[in-house]
Amino acid sequence: MISLVVVAVILLWGAVFQHPQAGAFKIFPSDASLNHQEITEIAIVTKGAAVCRDIATAQGKDFTLPANSKLTAATVQTACSNSNSVLSKATNFKLAIVQISLNNIAVDRKQFSGAHHFDNEAFSDGRDLITKGIAKLKINLKEGNYKAARINLGIVTHTLQDFYSHSNWVELGYAGPYSDLIKPDISLAKTADSKTATCKSCVNDNCNDNILPEILQNKILTSGYFSLILPNKPAGKCSHGGFDATSLKDPTGGINKDDVNSNHGFLHSQAAYMAINATMELLEDIRQAAGETTFLRLLGLTQTSALVFVIDTTGSMSDEIVEVKKVSINIIDSRKGTAEEPSEYMLITFNDSDVGLTRTGDIDKFKQQINSLSASGGGDFPEMCLSGLLVTFLLTSSVSSRRKREVSDSQSSSSRPMTQSEIQLYRDLTQVSGGQTFEVTQTTLSEASKAITDRFASGLVTVLQVARSAGNAGNFSFPLDTSLSNVTVYITGSSLVFTLYSPTGVSQSDSVTDGSLGSIQTVGNLKKIKLQSKSQTGEWSISINSTSSYTLRVIGQSSLNILSYFVEISQGGHSDSWGQIFTRPSTGQNATLFLSVTGGESVTLTDVLLVDASGSSVVNGSVKSVGGRDYLVSLNRIPEGTFGLQLKGLLNILSSRFQRQSSIHHKGSRITITAQTQNTARPGVPFSFNFTVATNATAGNYTIRARTSDGFSVSVPSFLNVESGRSAQGTATLTMPSSTESGTDVTLTIEAEAPGSTDLNYATLRLTVSAASGRFSGWYSFSMCLSLFRLFLSLLV
């Protein structure tokens with residue numbers, strides 16, 4: 001029996017560690033094959049173009065796509081924007097495609113679930129996943145939760161697309177998609193029962209006719225069996241093929257059409273285009289159910305963003321509140337009827353002890369709410385000011401001096417200047433979130449608001465963003481490419497001087513308000529430089545000298561931008577895949593970024609860098625194309641401290657250098673939080689699962705917190721004692737009201753904070769409320785593979 005055990009070890013080693021030959025539609029592009037990402041994007045851009053054409057025709061407007069040009073997100077977005085004035089010209093369409101595609105790809109991490117891939121003749125279960133996912137998606141749209149809807153759309157489309165690669169639908173001679181897969185109330189076609197043989201062994205490597213003739217003649221539906229480790233399948237059944245243990249058992253071979261080199265790769269193109277048509281059919285079903293406006297928001301072809309105001313209503317704001325209301329109304333009105341008009345408005349008011357929230361899609365009701373604001377009450381410096389998501393702060397002198405406090409006893413005891421550490425907190429928050437902090441006076445508040453209005457325009461991109469400490473002079477260069485327009489330089493800081501240099505060597509100092517390079521506006525600690533519209537292309541530079549800390553940001557409008565997410569690569573039987581991680585990356589460890597370049601220009605990437613707040617490069621990534629202008633970027637380490645992403649390259653048409661930088665910053669962590677759980681919970685029933693906290697840094701009691709997106713009750717231990725290099729386990733229990741609607745998506749976040757608040761990390765999980773009991777759908781770890789292997793050995797011996 002020794003030789004048999006050795007063979008088993010070799011088979012397992014190959015199955016777990018080697019690159020699979022076949023799985024789902026491939027993730028990485030190869031030969032003439034189409035992968036899941038390409039199938040999904042083709043379907044979305046084609047359907048998006050069709051809907052925009054229908055709208056334009058109904059409105060009597062022209063709809064023009066470039067002649068003899070391949071449909072892309074950029075060309076469709078441009079055509080849709082031209083045909084309908086309310087359609088967004090920003091990168092929302094590509095962002096939606098990326099969000100949907102990433103969640104489509106991530107389904108391959110569920111490699112052991114036959115239902116998710118229509119393996120093992122799991123047609124009923126596979127159809128249930130699709131129809132229940134569609135139902136959840138439609139609930140998401142009804143609630144205005146477009147992100148959750150895109151997540152569910154990605155998950156559903158993967159399973160739907162796999163049907164055409166893993167079943168024999170194409171071999172049966174059908175010319176169109178199987179429409180019943182998206183309809184829950186219709187019986188499925190004739191499927192093979194567990195005792196019906198469906199395949200014969202392939203002849204050598206030729207599997208072209210391995211499906212039994214009687215299966216084809218009688219139009220009986222079957223799919224291949226798949227197992228990464230154990231070669232078990234019912235007698236006479238087809239296998240998936242490739243690195244699939246069942247394909248070694250008679251009948252050998254497989255029937256998958258995942259790429260042109262698969263066992264049935266000669267039918268790959270038919271299966272792929274069938275999958276595209278099926279995805280488009282699903283999109284049309286969603287359109288009919290949700291309506292065109294909601295459908296276009298789902299695809300990012302109209303604005304889905306919210307305009308949010310966070311306003312201090314304590315008594316110290318009594319002098320400013322009238323001007324604040326005026327500025328807010330002007331911002332709202334300036335976007336009405338334009339591409340920047342939001343789909344939702346939110347008002348967050350705060351004072352010393354309370355936070356108020358107004359949320360509506362009605363612009364008139366929102367303006368009434370703004371106009372009804374008044375300032376009253378107040379004591380010490382308001383502790384609730386960070387309860388909203390704040391990106392750009394306007395700090396007036398009254399905030400700094402707190403000169404007018406309405407306190408019942410002693411006014412003088414509460415009048416104190418804002419400390420430098422408090423001001424720095426605002427600066428740090430805006431540096432991380434992509435905004436800036438402007439310190440102005442009450443009299444210049446309106447002027448300051450007008451000065452930053454262009455920061456809310458559509459299609460804004462960041463070319464350069466840096467922050468320097470006091471007395472740290474700097475010389476900064478930045479290329480401006482041909483796609484950029486309306487370029488503006490923002491500098492914040494006091495007691496500073498600067499000189500701007502054009503690509504031709506012309507210079508302009510800060511003392512020249514209207515010069516040959518641009519106009520300079522000074523409001524409080526802000527200096528805004530609006531570059532002249534002519535001759536902007538080329539390598540620019542600016543030198544800054546200051547006795548205090550300062551920030552520099554160069555922005556402009558362009559269709560060329562970057563979308564990026566940290567992802568986790570998974571290897572397994574259903575091909576390599578990746579999924580977005582909803583946690584901080586691990587400091588000092590390697591990581592992978594998914595990067596998508598948006599815009600109509602053809603580009604060549606030269607550098608993808610992680611840069612610190614000062615603008616210095618800290619890590620240079622290795623780039624691999626995964627189709628189109630989507631890339632995976634391998635990073636050999638995550639640096640200490642905060643960092644941003646900077647991309648450099650060439651516009652191929654004119655070889656113009658371009659540079660883009662992410663507006664937000666990231667921060668790694670030495671804490672790791674993992675959770676393995678079901679993805680469904682029942683209303684009114686406590687739902688518990690375990691999570692693990694590990695660290696390679698400070699040992700001690702780690703503070704644990706948890707919250708949900710809907711404010712549902714969730715309990716976790718207050719502390720976990722974690723040793724350095726070790727882990728500790730806790731239990732989270734979530735309880736939702738019994739009235740919670742089935743299909744509701746819930747986002748649950750668990751946080752772990754190190755002793756002394758020296759480090760923090762979080763893990764975000766998605767759960768779905770279901771009236772029926774959920775079933776396990778978590779991932780399988782390598783330790784589970786080893787357990788299965790030990791079971792396999794025991795059976796052999």
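Which cysteine forms a disulfide with cysteine 52, and how far apart are their sulfur atoms? The views below start with that pair.

**View 1. Cysteine 52 and cysteine 80 form a disulfide.** Their sulfur atoms lie 2.1 Å apart, and a disulfide here is a pair of cysteine sulfur atoms within 2.5 Å. The S-S torsion of this pair is about 110°, so the disulfide is right-handed. Cysteine 52 sits in helix α2 (residues 36–58) and cysteine 80 in helix α3 (residues 73–83), so the bond ties together parts that are 28 residues apart in sequence. Helices are DSSP runs of H or I with at least four residues, numbered from the N terminus. Both cysteines are buried, meaning under 20% relative accessible area with a 1.4 Å probe and protein chains only.

**View 2. Cysteine 199 is joined to cysteine 238.** Here the S to S distance is 1.9 Å, and a torsion of about 90° makes the disulfide right-handed. Cysteine 199 is buried at 7% relative accessible area, and cysteine 238 is buried at 1%.

**View 3. Cysteine 202 pairs with cysteine 207.** Their sulfur atoms are 2.0 Å apart. The torsion about this S-S bond is about 115°, so here too the disulfide is right-handed. Both cysteine 202 and cysteine 207 are buried.

**View 4. Put together, the count is three disulfides.** With bonded cysteines counted along the chain, the pattern reads 1-2, 3-6, 4-5.

The model is predicted, with local features needing pLDDT of at least 70 and side-chain atom pairs pLDDT 80 or more, while totals for chains, interfaces and linings use all residues. Residues are numbered from 1 along each chain as its sequence is written, and side-chain values use heavy atoms, leaving out hydrogens and water.

Notes
Helix = DSSP H or I, 4+ residues; strand = E, 2+ residues; numbered from the N terminus. Buried < 20%, exposed > 50% of the residue type's maximum accessible area, 1.4 Å probe, protein only.
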